[in-house]
Amino acid sequence: MTESELKEEVVKAIKSVYDPEIPVDVWELGLIYDLKIFPVNNVYVEMTLTSPSCPSAGTIPAEIEQKIREVEGVNDVSVELTWDPPYSQDMMSEEAKLELGFL
């Protein structure tokens, strides 16, 4: 599997994770700031949450890590949570904005 194919599979895995309070996946919400595939298929994800007081702060990053680990070919996964820049609704995809009635 090429790096781009692996990245595509990792994105699919991330898209299977939803914020329990919002019916949109974390990718479309814009919570993923960075996704890198390093040699030997190590995956790095930098992400945020909708707010620092998000009740799912402990579960969403862990679920993302678990889903990525299930992707065939992935060697290791590192998920880093950041609050910089702060999340805003502008980070949502057009699809997410439509789903949530912002457009």
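Which residues does UniProt assign to the feature "domain: MIP18 family-like"? The unreviewed UniProt entry places this feature at residues 7–80, in the numbering used here; feature names are shortened, and annotations may be inferred rather than shown by experiment. This is a predicted model, in which local features need pLDDT of at least 70, side-chain atom pairs count only at pLDDT 80 or more, and totals for chains, interfaces and linings use all residues. Residues are numbered from 1 along each chain as its sequence is written, and side-chain values use heavy atoms, with hydrogens and water left out.

**The sheet**
- Three strands make up an open, mixed sheet in the order β1-β2-β3; strands (E, at least two residues) and helices (H or I, at least four) are DSSP runs numbered from the N terminus.
- The edge strands β1 (32–38) and β3 (76–81) each pair on one side only, where pairing requires at least two DSSP bridges between two strands.
- β1 and β2 run antiparallel and are joined by six bridges.
- The bridge partner of D34 is E46 in β2.

**Helix packing**
- α3 packs on the sheet and touches β1, β2 and β3, contact meaning heavy atoms within 4.5 Å.

**Residue T48**
- T48 lies in the loop between β2 (42–47) and α3 (60–69).
- T48 is buried, with a relative accessible area of 0% (buried is under 20%, exposed over 50%, partly exposed in between; 1.4 Å probe, protein chains only).
- Not counting residues up to four places away in sequence, T48 touches L31, Y33, L81, T82, W83 and Y87.

Technical notes. Axes fitted to C-alpha atoms, helices over the stretch in contact; angles between N-to-C directions.
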